[in-house]
Amino acid sequence: MKTIKFLTIIGMVSFAFYSFTTLVQEEWKVPAKYETMKNPIAAKTDAAIGKSLYTKHCKSCHGAEGYGDGPKADGLDGDLGDFSTAEFQSQSDGALFYKTSIGRDDMPEFTKKIPSDEDRWLIVNYMRTLAE
């Protein structure tokens, strides 16, 4: 009987620890060459195209306003971010380009779906318009 209680307690503690560690998302490290990369597309250039690309490829997870509340968001692990926050907006354009292009975990890599670097830069420009 003591063994069962002991194993039950160990199981509960292990489950609690596992649950806690999965809630803490690892920092997304961006390579230095991307951190300093400058956006070659002026902010207002082809804004409608940037919005259209965001709507097609990003809105289902990140939501129309970039709050991380799209229809697919509940089925995903991790923090989808809130594009309107100062913390998000403080990232460099290069960092956003990297994350949009390369992805990780539930965030897909978009270099195949959106092969044009210019189009991915237009999405970065559109994400900038979602600031508070």
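Predicted model: local features only at pLDDT ≥ 70, side-chain atom pairs only at ≥ 80, totals over all residues.
**View 1. The largest pocket and its lining.** The largest pocket holds about 960 Å³ of space. Its lining is made up of 38 residues, and those nearest the centre of the pocket are Trp28, Asp79, Leu80, Gly81 and Lys99. Two or more lining residues come from each of α3 (47-57), α4 (59-62), α5 (86-89), α6 (93-102) and α7 (117-128). Helix α6 gives the largest share, with four residues. Sorted by class, the lining of the largest pocket comprises 16 nonpolar, 14 charged and eight polar residues.

View 2. Helix α6 is largely enclosed by the rest of the structure, because eight of its 10 residues are buried. The buried residues of α6 are Gly94, Ala95, Leu96, Phe97, Tyr98, Lys99, Thr100 and Ser101. Lys99 is also one of the residues nearest the centre of the largest pocket. The cover over the buried residues of α6 includes α2 (32-35), α5 and α7. After α6 comes Gly103, which has a positive phi near 70 degrees.

**View 3. Thr100 within helix α6.** Thr100 is located in helix α6. With a relative accessibility of 6%, Thr100 counts as buried, because the limit for that class is under 20%. The side chain of Thr100 reaches the backbone oxygen of Leu96 at a distance of 2.7 Å. Leu96 is itself among the buried residues of α6. In an α-helix there are 3.6 residues a turn, so residues three or four places apart point the same way. When residues up to four places away in sequence are not counted, Thr100 touches Met107, Pro108, Phe110, Arg120, Ile123 and Met127.

View 4. A disulfide is a covalent bond between the sulfur atoms of two cysteines. The closest cysteine sulfur to that of Cys58 belongs to Cys61, at 8.6 Å, which is too far for a bond. For Cys61, in turn, the closest cysteine sulfur is that of Cys58, and the separation of 8.6 Å is again too far for a bond. The criterion for a disulfide is a pair of cysteine sulfur atoms within 2.5 Å, and by this rule the count of disulfides is zero. Cys58 counts as buried at 10% relative accessibility, and Cys61 is buried with a relative accessible area of 19%.

Technical notes: Residues numbered from 1 in each chain as written. Heavy atoms only, no water. 1 Å grid on protein atoms, 1.4 Å probe; cavity = no way out; pocket = protein on both sides within 12 Å on 5 of 7 lines; lining within 4 Å. Points joined across faces, edges and corners; volume = space filled by probe spheres on them. Nonpolar A, V, L, I, M, F, W, Y, C, P; charged D, E, K, R; others polar. Buried < 20%, exposed > 50% of the residue type's maximum accessible area, 1.4 Å probe, protein only. Polar contact = N/O pair within 3.5 Å; in protein donor to acceptor, adjacent residues only side chain to side chain. Contact = heavy atoms within 4.5 Å.
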